[in-house]
Amino acid sequence: MLPFLAGFLCMLLSFVPFSRIFGAEIAPAFGLIAVYYWAVQRPDVFPPYGVFAIGLFYDLLSAGPLGLWALVYLIVFGLVVSQRQLMIGRTFSLFWLGFLVSSVIAGFLGWLLASLYFGQILSPAPVLVQMAATVALFPLFAKLFEQLLQRLLVQG
């Protein structure tokens, strides 16, 4: 339950107006960081219905197409879980590289599905900026999730 709550809080963090702090329109996909981290480290404590819920709440709060990010997060979760053995016990750089690839896939799928939904080719620039910021912030959140994982392991 704790990983899901952490993921949910991360999703909510996406709605903090960082543009007022940094002076630029940046809205990292913090929920994607949680989905990726737990899909690699412990998918058993962050099940697909939790991933779907986080994506659905993101869709509801962002007033975007309902189900878009829920679907994107589920696809990324499925891909990462199927490839997680490639990253278990490897260096952090490889773990981060995997997140970069996952972010590219998520960004492309989000852009593609939104373009289909709205019936026009949308500019990819906002998604590229969002995913670049998300990838840049990944190490910080990975460290926080690592501490949470250690607590879970201690508790058994």
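View 1. The protein chain exposes about 8500 Å². Carbon and sulfur atoms supply 71% of that area. The model shown is predicted. Of the chain's 156 residues, 42% count as buried.

**View 2. Helices along the protein chain.** The fold has seven helices and zero strands. Read along the sequence, the pattern is α-α-α-α-α-α-α. Helix α7 covers residues 125–155.

**View 3. Overall dimensions of the C-alpha trace.** Along its principal axes, the trace of the protein chain spans about 50 × 35 × 30 Å. The radius of gyration is 15 Å. A compact globule of 156 residues would have a value near 15 Å, so the two agree.

**View 4. Charges of the protein chain.** The chain carries 6 positive and 4 negative charges. Their mean positions, positive against negative, are 10 Å apart.

View 5. Leu-128 lies in helix α7. Is this residue buried or exposed? Its relative accessibility is 58%, and the cut-off for exposed is over 50%. Leu-128 therefore counts as exposed. Phe-108 sits 20 residues from Leu-128 along the chain. The C-alpha atoms of Leu-128 and Phe-108 are separated by 8.8 Å.

Terms used:
Residues are numbered from 1 along each chain as its sequence is written. This is a predicted model: local features need pLDDT of at least 70, side-chain atom pairs count only at pLDDT 80 or more; totals for chains, interfaces and linings use all residues. Side-chain values use heavy atoms; hydrogens and water are left out. Helices (H or I, at least four residues) and strands (E, at least two) are DSSP runs, numbered from the N terminus. The radius of gyration is taken over C-alpha atoms; the globule rule is 2.2 Å times the number of residues to the power 0.38. Buried means under 20% relative accessible area, exposed over 50%, partly exposed in between (1.4 Å probe, protein chains only). Accessible areas come from the Shrake-Rupley method with a 1.4 Å probe; for residues, only the protein chains shown count as cover. Lys and Arg count as positive and Asp and Glu as negative; His and the chain ends are not counted. The place of a charge is taken as NZ of Lys, CZ of Arg, CG of Asp or CD of Glu.
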